[in-house]
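Hello,

Here is the structure we talked about handing over. My notes on it follow below.

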Amino acid sequence: MPFRSLIPSEPGWKTLGMELEHDNPHLALYRIHVRTPSRPDGVPWALVHRKSATVIAPMTPDGRLLLIRQERVPVHATLWEFPAGQIDHPDAQDAILDTARRELREETGYELPPECEMIPLGMYFSSPGFTDEHCHLFLARGVVPSPGGMRLDANEAIHECRAFTPAEVRRMIAENEIRDANTLSTFARLTALGLI
C-alpha cells in the first residue's frame, strides 16, 4: 500500500485486498481485507486514508509556546492550536523535517535559526479505528520572527499567532479552551519527556 510508506506494518499483518471507493485531494476511502495476528483469514474494514502530517510546538528563546488561532470548518469553531501540516511528498529525503520547518514558517511567521534545535517527539495516530492518518511531533526550540511573516495557504484562515507560557497552555487545556488532538497530544508528549 503506497500510503503506508512512513509507518511499516508490525509482524503478522498483511493487506489481502483493497478497493478504492472514493478519492479526492484530501482523503481516500478504501474497502480493505486485512490479515491480523489474531485473524489469519483476514477481516474486512473501511479505511479512510489521509496524508501523514507534522505538528510543531514552537518555543521562543524565553520558553513561551506559540499557538495559532485557526478556523476549523468541520467543527464550526476557531481553535487555538500548534501549527501543523500535511506531508506532500513522503518519499522525499527529509520530507518530515522539511514539512515541519515549512509549516512553522507559513502558519506562525516564525522560523528556526540554524543554531537552534528541531527536536523529534515521536508520532501518534489521530483516530486509528478508521483512518491511517498519523502525525509526527516536534519541538522547535528557539524560534524567532521570520522576515517574510506568515505565508498562509489559500484554504487557511489563521486569525492570530500568540506566545503563551507552558502554565498558560496547561490552564487552557484544563479549561477546555484547547480542544484539538494535535495540540493535546504534542503538549502531553512535551510534558512526558520533561521538556516543559
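Contact here means heavy atoms within 4.5 Å, and helices (H or I, at least four residues) and strands (E, at least two) are DSSP runs, numbered from the N terminus. This is a predicted model, in which local features need pLDDT of at least 70, side-chain atom pairs count only at pLDDT 80 or more, and totals for chains, interfaces and linings use all residues. Residues are numbered from 1 along each chain as its sequence is written, and side-chain values use heavy atoms, with hydrogens and water left out.

Helices α2 and α3

In α2 (residues 166-174), Pro166, Val169, Arg170 and Ile173 meet Leu184, Phe187 and Thr191 of α3. The residues of this contact divide into five nonpolar, one polar and one charged (Ala, Val, Leu, Ile, Met, Phe, Trp, Tyr, Cys and Pro count as nonpolar, Asp, Glu, Lys and Arg as charged, and the others, Gly among them, as polar).

Strand β12

Phe164 belongs to strand β12 (residues 158-164). Phe164 is buried, at a relative accessible area of 6% (buried means under 20%, exposed over 50%, partly exposed in between, with a 1.4 Å probe and protein chains only). Leaving aside neighbours within four places in sequence, Phe164 is in contact with Arg64, Leu65, Leu67, Trp80, Val169 and Met172. Leu67 is 97 residues from Phe164 along the chain, yet their C-alpha atoms are separated by 7.4 Å.

Helix α1

The buried residues of α1 include Ala95, Thr99, Ala100 and Leu104. After α1 comes Gly109, with a positive phi near 80°.

Regards

Technical notes:
Axes fitted to C-alpha atoms, helices over the stretch in contact; angles between N-to-C directions.
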